[in-house]
Amino acid sequence: DRESLVMVAEHGGAVVGYIYADVESTSWMELRGPCGVVQDVYVDEATRGLGAGRALMRAAIEWIRSKGRAQVVLMTKTRNENAQRLFGALGFRPTMIEMTLDQDSGGTSGDA
């Protein structure tokens with residue numbers, strides 16, 4: 001698919017991480033225009049801190065920009081502070097807050 005990118009990072013001849021990104025059109029649900037989206041990035045825990053995540057992100061950003069998209073977006077878990085530090089160091093900033101209600105969490109008191 002010419003609108004998607006999958007890359008891997010290697011260290012010592014072994015695959016230690018990957019990234020999946022694509023380019024998308026306007027999303028009214030997500031309140032954004034055409035952009036590149038980093039759907040998933042992962043680096044094996046034993047090799048974190050060696051630069052694979054940063055290299056994968058930079059490669060994906062370069063690919064997205066080569067597709068004519070000026071904006072790159074991604075989502076991360078609120079407690080994934082290591083990933084957030086990496087994304088922040090690359091210039092990403094928080095823009096949206098997703099909120100979740102699980103069935104077992106109560107939360108139906110009606111008080112606002």
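Let's start with the helices: α1, residues 52-66, packs with α2, residues 81-89, at an angle of about 50°, and their axes are 11 Å apart. The axes here are lines fitted to C-alpha atoms, for helices over the stretch in contact, with angles running from 0 to 180 degrees between N-to-C directions. So α1 counts as oblique to α2; under 35 degrees would be roughly parallel, over 145 roughly antiparallel, 65 to 115 roughly perpendicular, and the rest is oblique. As for handedness, α1 passes α2 in a right-handed crossing, where right-handed has the near helix turned clockwise from the far one by less than a right angle, and left-handed anticlockwise.

Before going on, a word on what you're looking at. This is a predicted model, where local features need pLDDT of at least 70 and side-chain atom pairs count only at pLDDT 80 or more, while totals for chains, interfaces and linings use all residues. Residues are numbered from 1 along each chain as its sequence is written, and side-chain values use heavy atoms, leaving out hydrogens and water. Helices (H or I, at least four residues) and strands (E, at least two) are DSSP runs, numbered from the N terminus.

Back to that packing: which residues make the contact? From α1 we have Gly 53, Arg 54 and Met 57, and from α2 Leu 86, Phe 87 and Ala 89, with contact meaning heavy atoms within 4.5 Å. Sorted by class, the contact of α1 with α2 has 4 nonpolar, 1 polar and 1 charged residues. Nonpolar covers Ala, Val, Leu, Ile, Met, Phe, Trp, Tyr, Cys and Pro; charged is Asp, Glu, Lys and Arg; the others, Gly among them, are polar.

Now zoom in on Met 57, in helix α1. Is Met 57 buried or exposed? Buried, with a relative accessible area of 0%; the cut-offs are under 20% for buried, over 50% for exposed, and partly exposed in between, using a 1.4 Å probe and protein chains only. Leaving aside neighbours within four places in sequence, Met 57 touches Ile 19, Val 38, Val 41, Leu 74, Leu 86, Phe 87, Leu 90 and Phe 92. Its C-alpha is also 9.5 Å from that of Ala 21, 36 residues apart along the chain.

**Aromatics and loops**

Next, the rings: a search of the whole structure finds 2 aromatic pairs. One of them is Tyr 18 with Tyr 42, tilted, at 6.1 Å centre to centre and 35° between the planes. Tyr 18 sits in strand β2 (residues 14-24) and Tyr 42 in strand β3 (residues 35-43), so the pair links distant parts of the chain, 24 residues apart. Rings of Phe, Tyr and Trp (its six-membered ring) pair if their centres lie within 6.5 Å, and planes under 30 degrees apart are stacked, over 60 edge-to-face, the rest tilted. Tyr 18 is partly exposed at 32%, and Tyr 42 is too, at 37%.

Last stop, the loop between β2 and β3, where we find Leu 31. Leu 31 has a positive phi of about 55° although it is not a glycine, and it is exposed, at 64% relative accessible area. Glu 30 is in the loop between β2 and β3 as well, and counts as partly exposed at 36%.
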